[in-house]
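Subject: Structure handover

Hello,

Here is the structure we talked about handing over. Please open it first, then read the notes below.

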Amino acid sequence: MVIFIGLLSLLLVSVKITEQNVSRLIDRDMVQTKKTVDLYLKQYFLTRNMVLSAGSFHTEADGLVKELGSAVGSTVSIYDSKGKSLSDLNGPIPDTSDFSGALQGGISYVVSQSGADSTISLSSPVLANGAVIGVVRVVKDNAALHDFTNRFLFAVKWIAAAIFALVFITAVFLSSRLTGPIGRLSGSLKDFSNGRYEPLPFNRRTDEIGDLARAFHRMAEKIEEQMDVIKRERDTLLKTQKMSKTFFDNVTHELKTPLTIISGYAQTMRENGFHDKPFFDKGIKYIMDESRRLNDKVVQILEMSTAASRQSDYRYEQVNLPALVREVCTDMTVKARKYKIDIRCETGADFNYRGDREKLREMLINVVDNAVKYGGVDSTVTVSLKKTDTGKVTIFVSDQGKGIAEEHIEHVFEPFYRVSGESQERERGSAGLGLALVKAIAEKHGGSVKLASTRSAGTQVIIEMGEG
């Protein structure tokens, strides 16, 4: 709009200046024509030894028309002071402002236009002894000047229109290159604020828009990285909270049961006193058994806390791992025979492994103990040890028990987790901490624990140790 108003103002000023210049040209031409007419009037009467008067002006009208017309190169008409035509060579009596003004003693001209034709009519009074004795009217052709002026103004208008169109198209192009990317960038910022990020296609631009887009990309990448970190930390926190709640619930349940039994028998014995000797002996036995069981649970909780403590609590040394496995299998044979279970040990040649001997022994005892607890009567528990060329060690402990349902496998490594409906674990003294301790010790040695189980076919615990 600013450019349009500026060009329009320039056009109007150009037209006004052109009209003023044309008007000045006509004024000078008319002044010159008036001087020429007056000069030729004087010369005409001087050369003929005549005095300019109303009579002589009337009688010499035809001659004046011819002489003056030839001198000024235009059509000349002679009229008396009343506006009556004095020559047969005159045209019709005009009814124009310049003619009426000349009859009043004034000098004036009128520009007349009719289509492409343009004429200038100059009416000049003829004075004799201070009185108006007639009027000389000169009609000049103004078509050339009028045509030139029109063509000039036409050219100026079209040039202004062309400049405006060029500037408008350029402005639209430039604004689209500026406002378009900014608009898309603004939209992307809104999407990004709503959690949706789409890269902007401005990376190849070398102007400020490209710099802004690249800066936006870098900011978005940093924010996404921070969001990923926050999400991971949130997920870890939620998992930790869930595990903590599960651990607390399981510990509460495990500790509540023996405490309830102890409290119940103690209260009953207090009420009955020592009068019922068989019940008293039974109550004492239950209190001692449950107290021992409660103590075992507390000890295992402390052991698990120790297993999950910092790395410096582990004393790493070179351990003959196959010999340690055979030792554990031998120690667990006594308990296995109670349930008519045979322990088969397959270790291969001896080799040294760098680790904490006592922690590794505890890990193996827990795994083999679980296999004995859950293995079927008159079955076999197989303990095998394999070492790869790269130094990785894998321990396999398999039983032939009932197996574990798939929905419970992912939870068996949680502290105090017990499969619902399984009474065998409670009967054989399980506290539900064995596999949790095994996992903690294996991870401290750079390894991991996996469990594979098939219902009615048995369970296999796979301990993959890190390079020792």
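What covers the buried residues of H8? The cover includes strands S5 (317-320), S6 (342-346), S7 (352-355), S8 (380-387) and S9 (393-398). Helix H9 (357-374) is also part of that cover. Please keep in mind that this is a predicted model.

First, the overall picture. The protein has 468 residues, and 38% of them count as buried. It contains twelve helices and eleven strands. Take the contacts with a separation of 6 or more: residues 24 or more positions apart account for 62% of them. The accessible surface comes to about 28300 Å². Carbon and sulfur atoms hold 57% of that surface.

Now back to helix H8. It runs over residues 321-338, which makes 18 residues. From first C-alpha to last it reaches 27 Å, close to the 26 Å expected at 1.5 Å a residue. H8 also has a kink of about 40°, centred on methionine 332. Met332 is one of the buried residues of the helix. After H8 comes lysine 340, with a positive phi near 55°.

Next, serine 384. You will find it in strand S8, which is among the elements covering the buried residues of H8. Is serine 384 buried or exposed? Serine 384 counts as buried, because its relative accessible area is 12%, under the 20% cut-off. Set aside its neighbours within four places in sequence. Serine 384 is then in contact with Glu346, Thr394, Ile395 and Phe396.

Then the rings. How many aromatic pairs are there? The count comes to four. One of them joins phenylalanine 164 and phenylalanine 168. This pair is stacked, at 6.1 Å centre to centre with 25° between the planes. Both residues lie in helix H5 (residues 143-193). They are four residues apart, about one turn of the helix. Phenylalanine 164 has a relative accessible area of 26%, so it counts as partly exposed.

One more ring to look at is that of tyrosine 44. The charged end of arginine 48 sits over this ring, 3.8 Å from its centre.

Over to you.

Best wishes

Notes:
Residues numbered from 1 in each chain as written. Predicted model: local features only at pLDDT ≥ 70, side-chain atom pairs only at ≥ 80, totals over all residues. Heavy atoms only, no water. Phe/Tyr/Trp six-rings, centres within 6.5 Å; stacked < 30°, edge-to-face > 60°. Helix = DSSP H or I, 4+ residues; strand = E, 2+ residues; numbered from the N terminus. Buried < 20%, exposed > 50% of the residue type's maximum accessible area, 1.4 Å probe, protein only. Lys NZ or Arg CZ within 6 Å of the ring centre and 35° of its normal. Expected span 1.5 Å × (residues − 1). Bend = angle between axes of the 7 residues up to and from the residue. Contact = heavy atoms within 4.5 Å. Areas by Shrake-Rupley, 256 points an atom, 1.4 Å probe, with all protein chains shown as cover.
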